[in-house]
Amino acid sequence: MPEDWETGGFGLYIHWPFCQAKCPYCDFNSHVSPQVDHARWQRAYLAELDRVGAETQGRVLSTVYFGGGTPSLMAPETVNAILERVRRLWPVSNSLEVTLEANPGSVEAGRFAGYHAAGVNRISMGIQALNNHDLQRLGRIHSVEEARAAFDIARGVFDRVSFDLIYARQNQSLADWQSELREALSMAVDHLSLYQLTIEEGTAFGDRYARGGLRGLPDDDLSADMYQVTQEVCAQAGFEGYEVSNYSRPGEESRHNLIYWRYGDYAGIGPGAHGRLTLGGQRHATESWRNPARWLDAVDAGNGESLRDPVSCADQAVECLLMGLRLVEGVDAERVKRLSGQNLSTESVAHLQDLGLLDPGFARIRTTPKGRMLLNSVIAELLGD
Amino acid sequence: MTELSRIRNFSIVAHIDHGKSTLADRLIQLTGTVAERDMKEQLLDAMDIERERGITIKANTVRIDYPARDGHTYVLNLIDTPGHVDFSYEVSRSMRAVEGSLLVVDATQGVEAQTLANVYQAIDADHEIVPVLNKIDLPAADVDRVAEQIEDVIGIDASDAVQISAKTGMGIPEVLEAIVTRLPPPHGGTRDAPLKAMLVDSKYDSYLGVVVIVRVIDGVLKKGQRIRMMRTGGTYDVDRVGVYRPAMTSVDELGPGEIGFLTASIKQVRDTRVGDTTTTEKKGCEAPLPGFKPSIPVVFCGLFPVDSSQFEDLRDAIEKLALNDASFSYEMETSAALGFGFRCGFLGLLHLEVIRDRIEREYDIELITTAPSVVYHVFMKDGSFRELHNPADMPDLTHVEHIEEPRIKATIMVPDEFLGDVLKLCQDRRGIQLDMTYAGSRAMVVYDLPLNEVVFDFYDRLKSVTKGYASFDYQIIGYRQDNLVKMQVLVNDEPVDALSTMVHRDRAEQRGRAMCEKLKDLIPRHMFKIPIQAAIGGKVIARETLSALRKDVTAKCYGGDATRKRKLLDKQKAGKKKMRQFGKVEIPQEAFISALKMDG
Ligand SMILES: Nc1nc2c(ncn2[C@@H]2O[C@H](COP(=O)(O)OP(=O)(O)OP(=O)(O)O)[C@@H](O)[C@H]2O)c(=O)[nH]1
Ligand SMILES: C[S@@+](CC[C@H](N)C(=O)[O-])C[C@H]1O[C@@H](n2cnc3c(N)ncnc32)[C@H](O)[C@@H]1O
Ligand code: SF4
Ligand SMILES: [Mg+2]
């Protein structure tokens with residue numbers, strides 16, 4: 001039976017699947033719906049909480065995360081009802097972290113106080129770009145001015161505020177990004193998520209890219225340079241990269257996300273939400289119905305889950321590495337060994353160390369900064385068969 | 001049995017796409033051989049690959065009955081032949097079975113290389129030739145110019161060439177009349193003489209076993225006879241005798257001058273040899289017919305399963321295909337790089353492509369094809385001699401006295417404006433000009449070329465420098481010594497046997513450089529830098545360095561969706577399966593062929 005220290009605690013993820021508009025790059029489970037029956041959704045979340053709560057009774061909850069979609073479109077009453085129920089179902093840690101993803105529109109900003117009153121204590125805001133031209137190209141419906149205003153309100157209400165930017169955009173030069181990043185750092189409070197634009201299959205950008213459109217994306221070398229510059233500039237400003245795309249002041253990491261990366265236990269509730277739960281000594285992967293209507297019906301029938309599978313030890317070892325190597329702190333080699341029943345190939349580890357991609361030593365498997373930029377290749381080498 | 005004077009046997013020959021199969025369609029249709037509702041375009045091209053590519057690969061025989069204007073009904077046996085040079089062997093043996101040829105010339109294109117090659121073969125076979133000008137429905141058709149060209153270039157009378165459109169059916173009745181009035185009936189042939197039949201072709205049918213196509217010269221072939229193949233010595237009981245209309249139709253017997261098929265529980269196509277003479281086991285004929293020169297594979301390459309666990313499936317597929325294609329040869333091969341596979345021999349590149357496609361599609365085996373090579377003759381210092389089918393097997397040079405390579409005579413027809421580019425291409429490929437003549441605005445150049453410079457991408461290059469306006473035909477003329485060496489390729493300091501090639505010493509540097517540059521583009525960047533070198537006997541003659549990959553990380557995190565991350569990993573691994581591992585380096589499959597293509 002894994003201990004909490006090993007799995008990084010226990011968290012709860014709640015997925016809200018609606019947005020005002022669908023962004024062309026986004027392949028998250030998000031939908032645009034003209035009408036949302038907030039009362040019905042609230043009932044459904046509460047029912048699911050009760051179901052999961054009964055299975056995980058007594059576990060100490062350390063984080064809650066409202067993700068999306070756009071959770072800042074949720075009625076504050078819904079958030080309040082959920083958090084009330086959460087506190088009833090689980091003992092919560094003294095420093096319970098409750099994050100809500102917010103889009104930087106004016107409507108949302110009006111609800112911040114309500115969320116705060118409900119118990120939300122951290123906001124992660126999707127600002128994405130600090131110039132209007134690029135915001136438009138990314139298909140965002142807010143402007144920089146609105147974003148700044150919403151951000152200021154959030155800062156006034158919450159102690160912990162993070163925001164997201166997407167870089168490595170079309171026709172963005174290294175210098176462009178550098179100055180935008182400096183501007184972002186001057187606004188930043190304690191945390192930043194900086195993602196290079198990923199072209200996903202099945203999105204509008206994915207289609208355009210496949211047809212030869214979407215020109216002016218940076219080549220490998222430029223995006224490598226951009227990434228390196230990001231590391232340096234953030235570090236100078238006191239924001240250390242602790243994960244591939246996440247930067248924070250010391251101690252201000254997203255504790256909820258750390259549970260994922262440390263491959264801890266988390267329950268997932270809401271359409272398409274994933275969970276990893278240890279039940280009766282066996283680790284399980286859970287998934288809920290992706291389609292919002294389908295999920296509601298399933299919940300009405302008693303259970304929103306579409307899948308619950310035991311995860312074999314070998315798969316756990318793989319997942320543990322896939323998640324954990326994203327962190328600068330890396331992964332405990334002993335834990336991987338215990339799960340997989342064998343050591344990683346010493347030949348592969350030595351090869352990666354020789355190339356300067358893994359830190360020397362065998363107790364923790366940890367990428368070097370150079371290795372982190374090549375994480376997919378590094379993992380393929382470590383897990384290649 | 002039909003009276004000899006009422007039989008006409010002929011082949012339809014032409015350059016690729018000039019409309020042979022379409023003409024055959026019209027002849028079949030106009031004579032009512034096939035019900036209207038069963039008619040479809042290029043009816044005789046029955047194989048999937050033929051229909052898909054719109055080309056004929058196998059020659060096909062059809063018997064049609066034609067009530068002529070003279071009031072008699074004639075039996076016409078037509079053989080539709082392939083136009084592509086790789087299958088010219090099909091044409092030559094078909095011609096041996098008949099007395100005349102319809103020479104189809106596309107009136108928008110004129111005389112092309114295979115037109116010429118076919119005429120020479122027809123003359124060789126003592127054929128009467130009826131020129132047919134096709135596609136006159138097209139505005140670009142220039143009947144007068146093409147007729148003149150036939151007279152100038154080929155030297156046959158084109159004044160009474162039949163003008164047709166195989167597409168619209170215009171002129172087809174005139175073709176039928178010309179067949180009857182201008183082509184000769186079968187020569188000689190005695191019904192009472194011992195059976196003497198020419199084995200024209202054989203194919204494997206999964207229901208009937210081997211089906212043998214014969215042309216009876218003397219005597220009568222019937223069901224129940226015990227027959228003997230005079231050269232291979234096999235004896236068989238004839239189960240069935242019939243003709244193609246074009247469906248297999250049983251007949252009681254085949255008499256002199258007739259063409260049809262027999263089945264006789266023969267297991268393998270290999271047990272029959274085209275050109276052999278079939279006779280009765282008892283009281284057979286005395287002397288066999290002269291026979292044909294066997295077709296020999298001239299292009300060799302390795303075929304390896306991408307998934308090495310499919311080796312046995314590949315063996316099975318290759319054996320089955322070889323059952324039906326005697327001109328395709330194979331032997332097992334092992335490669336340090338690619339594992340177990342087969343070294344296969346083909347008549348040419350199209351033949352190679354066709355076989356490879358069929359294995360991939362009909363047997364669902366993904367293949368790695370190594371670069372095609374030719375057969376070298378290696379003369380050793382100790383006086384021994386060996387045939388080299390695979391550059392990787394090249395013996396140590398210190399024991400080699402000299403090496404000879406196959407040479408071809410290539411005939412290229414090309415419009416004036418592209419002549420310069422064609423000459424340059426031939427020159428670049430070590431060609432020696434043998435002849436050059438003009439006919440109107442077209443030139444005909446004849447080159448002596450090393451086959452090895454041609455097998456690979458010569459045809460593609462020719463097409464591209466002439467915008468598709470050149471045509472090309474070749475035949476092997478023999479072996480000649482030259483300064484040939486084996487060039488190895490080293491990737492990350494390790495030799496990759498599947499990339500070894502034989503090259504002329506004078507071209508080695510240039511080719512080595514081109515190959516290293518190509519590989520640099522073809523091999524994806526790795527976590528470390530990779531030297532790529534070309535070497536001759538340990539001496540490096542060209543080098544490139546593939547720089548290390550700098551960034552390969554998924555920026556986005558997918559929250560708690562660990563499953564998705566695992567799927568991405570699996571996808572990455574599947575992608576790797578399309579690569580071959582050499583030490584720490586992964587080389588994509590297509591590199592094994594693309595690296596050798598020459599752009600210049
Ligand atoms: N317009 C026009 N097109 C024709 C005519 N005859 C043939 N074609 C077209 O020319 C193309 C080639 O015709 P095929 O009959 O397959 O030619 P082929 O000589 O049998 O070709 P191979 O067997 O590959 O050598 C097809 O697309 C035909 O439809 C014609 O009289 N007029
Ligand atoms: C769950 S998403 C959406 C949060 C919120 N709805 C928003 O759009 O502001 C979290 C973050 O992932 C990032 N993201 C989404 N799609 C991306 C893509 N295709 N490439 C890079 N980053 C992406 C964005 O920065 C986004 O803020
Ligand atoms: S990026 Fe955010 S706002 Fe845009 S569609 Fe995705 S989840 Fe919704
Ligand atoms: Mg044809």
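Keep in mind throughout that the model on your screen is a predicted one.

**Stop 1: ligand 1 and its shell**

Select ligand 1 and the residues around it: there are 21 of them, and the closest are B:Gly19, B:Ser21, B:Ile55, B:Thr56 and B:Gly83. Next, pick out helix α1 of chain B, residues 20-30, which gives the most to the shell, with three residues.

**Stop 2: B:Gly19**

Now centre the view on B:Gly19, which lies in the loop between β1 (7-14) and α1 of chain B. Is B:Gly19 buried or exposed? Because B:Gly19 has 25 C-beta neighbours inside 10 Å, it counts as buried. Once residues up to four places away in sequence are left out, B:Gly19 touches B:Ala14, B:Val104, B:Asp106, B:Asn134, B:Lys135 and B:Ala166.

**Stop 3: B:Ile136**

Move on to B:Ile136, which you will find in the loop between β5 (128-134) and α5 (143-154) of chain B. B:Ile136 also counts as buried, because 21 C-beta neighbours fall inside 10 Å. Apart from its neighbours within four places in sequence, B:Ile136 is in contact with B:Ala107, B:Ala141, B:Val143, B:Gln163, B:Ile164, B:Ser165 and B:Met170.

**Stop 4: the domains of chain B**

Zoom out and select residues 5-187 of chain B, where the unreviewed UniProt entry places the feature "domain: Tr-type G". This span is 33% helix and 22% strand, and its end C-alpha atoms lie 9 Å apart. For a view of the whole chain, colour chain B by its domain assignment, which gives domain 1 (4-182), domain 2 (196-280), domain 3 (299-370), domain 4 (394-482) and domain 5 (486-598). Between domain 1 and domain 3 of chain B, the contact takes seven residues from domain 1 and eight residues from domain 3, and the domain 1 side has five nonpolar, one polar and one charged residues. The centres of these two domains, taken over C-alpha atoms, are 34 Å apart.

**Stop 5: the nonpolar cores**

Select B:Leu103, B:Val132 and B:Val214, which have the most contacts inside the largest nonpolar core, a set of 162 residues. Strand β8 of chain B, residues 209-218, gives the most to this core, with seven residues. Around B:Val214, leaving aside neighbours within four places in sequence, look for contacts with B:Ala197, B:Met198, B:Leu199, B:Val200, B:Leu221, B:Gly260, B:Leu262 and B:Thr278. A second, separate core has 100 residues, among them A:Tyr227, A:Phe239, A:Leu277 and A:Trp289.

**Stop 6: where chains A and B meet**

Show both chains and select their contact, which takes 36 residues from chain A and 20 residues from chain B. Which element gives the largest share of the side of chain A that touches chain B? That element is α17(A), with six residues. By class, this side of chain A has 19 nonpolar, ten polar and seven charged residues.

**Stop 7: ligand 3**

Finish at ligand 3, whose surrounding residues include A:Cys19, A:Cys23, A:Cys26 and A:Phe28. The shell around ligand 3 divides into four nonpolar, six polar and one charged.

Methods: Residues numbered from 1 in each chain as written. Chains lettered and ligands numbered in written order. Predicted model: local features only at pLDDT ≥ 70, side-chain atom pairs only at ≥ 80, totals over all residues. Near = placed C-beta within 6 Å. Helix = DSSP H or I, 4+ residues; strand = E, 2+ residues; numbered from the N terminus. Nonpolar A, V, L, I, M, F, W, Y, C, P; charged D, E, K, R; others polar. Contact = placed C-beta atoms within 7 Å. Core = buried A, V, L, I, M, F, W, Y, C linked by C-beta atoms within 7 Å. Buried ≥ 20, exposed ≤ 12 C-beta atoms within 10 Å, placed from the backbone. UniProt positions renumbered as here; feature names shortened; annotations may be inferred. Domains from an automatic or database assignment.
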